Amino acid sequence: MAVEKIPSEDIVNKKASFDQATANLLVKAGLGLSIGVVASALLFKRRMWPVTFFTGAGVGAAYADAQRIFDSVSTLGLPVKNASTQAKDSA
């Protein structure tokens, strides 16, 4: 049973992707929170639901971006081709 070694570039790449997703989450959640606070103060008589709604929208957008970062195959608009389809297309 040989242990497969993972190249250091792959480890750094996974960490960079995680860091990017975390930074994206913090920025989008913070932006949603600030928009919610402003909307709550100016438009909705200081209710709590705009803050919750916009923060959740920011977290949801960050989650969607993280899915795109970690699973680039599921990018919208790109057809997914398996190996047998690629072999038929090249022949």
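**Questions on the fold and its residues**

Student: Where is Lys-45 found?

Tutor: This is a predicted model, in which local features need pLDDT of at least 70 and side-chain atom pairs count only at pLDDT 80 or more, while totals for chains, interfaces and linings use all residues. Residues are numbered from 1 along each chain as its sequence is written, and side-chain values use heavy atoms, with hydrogens and water left out. Helices are DSSP runs (H or I, at least four residues), as are strands (E, at least two), numbered from the N terminus. On that assignment, Lys-45 belongs to the loop between H1 and H2.

Student: What is the phi of Arg-46, which is not a glycine?

Tutor: Arg-46 sits in the loop between H1 and H2. Arg-46 is exposed, with 70% relative accessible area, because exposed means over 50%, buried under 20% and partly exposed in between (1.4 Å probe, protein chains only). Lys-45 is likewise exposed, at 72%, and has a positive phi of about 55°. For Arg-46, phi is also positive, at about 60°.

Student: Among contacts between residues at least 6 apart in sequence, what percentage join residues at least 24 apart?

Tutor: A contact means heavy atoms within 4.5 Å. Among contacts in the chain between residues at least 6 apart in sequence, the part joining residues at least 24 apart is 51%.

Student: Is Pro-50 buried or exposed?

Tutor: Pro-50 lies in helix H2 and touches Gly-36, Ala-39, Ser-40 and Phe-44, leaving aside residues up to four places away in sequence. Its C-alpha is 8.5 Å from that of Ile-35, 15 residues away in sequence. Because its relative accessibility is 0%, Pro-50 counts as buried.

Student: With which side chain does the side chain of Asp-65 make a polar contact at 2.4 Å?

Tutor: Asp-65 lies in helix H2 (residues 49-70) and is buried, with a relative accessible area of 17%. Beyond residues up to four places away in sequence, Asp-65 touches Asn-24 and Lys-28. A polar contact is a pair of N or O atoms within 3.5 Å; within protein, one must be able to donate a hydrogen and the other to accept it, and residues adjacent in sequence count only if both atoms are side-chain atoms. At 2.4 Å, the partner of the Asp-65 side chain is the side chain of Lys-28.

Student: At what distance does the side chain of Asn-24 make a polar contact with the side chain of Asp-65?

Tutor: Asn-24 is in helix H1 and is buried at 18% relative accessible area. Residues up to four places away being excluded, Asn-24 touches Ala-62 and Asp-65. The side-chain polar contact between Asn-24 and Asp-65 spans 3.2 Å.

Student: What type of aromatic pair do Phe-53 and Phe-54 form?

Tutor: The structure holds two aromatic pairs, that is, rings of Phe, Tyr and Trp (its six-membered ring) with centres within 6.5 Å, called stacked under 30 degrees between planes, edge-to-face over 60 and tilted otherwise. Phe-53 and Phe-54 form an aromatic pair with 5.3 Å between centres and 80° between planes. Phe-53 is exposed at 51%, whereas Phe-54 is partly exposed at 28%. The type of the pair is edge-to-face.
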